[in-house]
Amino acid sequence: MYPVPTVVRMKVRIGPGASAEEARVVATALAEHVADTVEVYLGEASEPAAVAAPPDSPAGEPEPEPTDGPTEREAALRAEIEDIYEGGPETYRKRLPEQNKLFVRDRLELWFGEDGLKFEDGRFAHFDGWHPESPEIEEYDPDTRLPADGLLTGAAEFEGRTLHFMANDFTVKAGSMAERGVEKFIRMQERALKSGQPVLYLMDSSGGRIDQQTGFFANREGIGKYYFNHSRLSGRVPQICVLYGPCFAGAAYTPVFADFTVMVRGMSSMAIASPRMVRMVTGEDISVDELGGPEVHTRHSGSADLVAADEEHARELVAGLISYLPDNADEDPPREPARPPAKAPAEIDSIVPTDPNRGYDMHEVIDRLVDGDSFFELKPDYGSEIITGYARLDGRSIGIVANQPTQRAGAIFPDSAEKAAEFVWKTDAYDIPLLYLCDTPGFMAGSQVEKEGILEAGKKMIYATSEATVPKLSVVVRKAYGAGIYAMSGPAYDPESTLALPSGEIAIMGPEAAINAVYANKLADIDDEDERREREAQLREEYREDIDAHRMASEVVIDEIVPPSDLRTELEHRFEVYQDVEKDRPSKKHGTIL
């Protein structure tokens, strides 16, 4: 039991000439206003002329005595909260196991554990529109439940980091968005802007509630504000989205505005319109997976970064990803204890073929440079001629952009250029140093890639590389032909260092193309085939002597030729020296290239 507090009364003195009736009126009025017992004294009198208690409280009665447990009023509130936690109609909850998905509150427990959820905002959103205790509800219908208006927001601890989150409740009108839920979403985003903490979007939404669109669609503070706020948050704090179901129309823009998006196999999809709407508008009969499933967006559109096998795997992927990212653009990326590489750096030179046209897997080089098992690849199936991802080098977070000779000889196509540009842009935004591993014949040529916008995509990649102000190191692993050396942060693109392995070459074009361009007529004049072949080989070798790493180092085009076995150590030291480099860019509002 708590100790019973001493009753404290308000004491008021008025002029000695006032009457007892006037004292009573003053005492009564004050007691009603301050909700406490009031004593009114006349002048310096020691006894009160009038005593008044609050309405319905007998004068002189002691304050209520505190109890050990919750009051009836608190118990009623807790019962309402528990009811909200039950989610939407039971019918829809029972369907979740058939869809291999968790109920939203079980999902939050998977992500944050029993104690990781710091708080939730807006649990009572739209409470009066469905709850049986609401004065607006004449007859309660459990099939019309709208707890939390179908959208949960708040803050939580995830992998030792504090972040903001939103999560759709698919049991409430298929996770659709309406006025109160939209308000909660917007407030969460705006609070993230102020706090400078990452945002996690757990999306499972069919889009906006069409029958309620007047309350949220085009309003200043309506659903359009989502994407305005996404834009404001972009580059300020990391935004990570996980898709758990079909997300159509407006709901599909959150994953594409996010910095990183994970889809779940057999569960996720996103599209500008549902298959039914597509069929109605175009006549095309298509399944949801064919329209916007993981295969579509990780291999063809590039709108998603990774595919998870299930809900648990999705969490694992995000836990790995966020370990490389700072909380916001003003903080340094996390650093972990250094680990040796998974494979011996001494093997690098034997992996890179002497023949510039032979393929090899650049992952084998990366595995011998970065800390063991630290490479986290993004968009592996999209634009696979370029590898992008995060890793650690001596414990330091770095971003890697590398050509992949096993895929179309490492030539840069429109989709791979777009992929690299976006990766460089967001990596620079979060102040993560960049390592370029160059082995490319340059940008692909031909009528098809021109139709696909190779010049536009290449422009974006070169622009992103030009604008990046983080420390950049460029390594010419083997060939760097044409504008490929520009896109891969060559000497003209403000790298802190341009290094080369002894296999490196830099040229306008490769030896075969160059010989054909310059000596085609002279070679054609040689009638003897063996003589012509011998002369062609001689010219090719002479050309390669002019473009190899030794000539480039001799002319100080590059900074250093590094023994392949020493490359990891060389990179460690250079990133350490340049970690606080400052770079100025011309004063302007912003560039014009998107």
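**View 1. Aspartate 566 in the loop between β20 (560-561) and α21 (567-577)**. In this predicted model, where local features need pLDDT of at least 70, side-chain atom pairs count only at pLDDT 80 or more, and totals for chains, interfaces and linings use all residues, aspartate 566 occupies the loop that joins β20 to α21; helices (H or I, at least four residues) and strands (E, at least two) are DSSP runs, numbered from the N terminus. Residues are numbered from 1 along each chain as its sequence is written, and side-chain values use heavy atoms, with hydrogens and water left out. Aspartate 566 is partly exposed, at 41% relative accessible area, where buried means under 20%, exposed over 50% and partly exposed in between (1.4 Å probe, protein chains only). From C-alpha to C-alpha, aspartate 566 and glycine 266 are 45 Å apart in space and 300 residues apart in sequence.

View 2. Glutamate 157 pairs with lysine 118 in a salt bridge, with 4.0 Å between the closest N and O atoms; the term denotes a side-chain nitrogen of Lys or Arg within 4 Å of a carboxyl oxygen of Asp or Glu.

**View 3. Aspartate 494 and arginine 585 joined by a salt bridge**. The N to O separation here is 3.6 Å, and the pair ties together parts 91 residues apart in sequence, since aspartate 494 lies in the loop between α17 (484-487) and β18 (497-500) while arginine 585 lies in the segment after α21. Aspartate 494 is partly exposed at 35%, as is arginine 585 at 28%.

View 4. Glutamate 529 is partly exposed, with a relative accessible area of 47%, and arginine 533 is partly exposed at 46%.

**View 5. Cysteine 241 and its closest cysteine sulfur**. The structure holds zero disulfides, a disulfide being a pair of cysteine sulfur atoms within 2.5 Å. The sulfur of cysteine 241 is 6.9 Å from that of cysteine 247, which is too far for a bond, and cysteine 241 is buried, with a relative accessible area of 0%.
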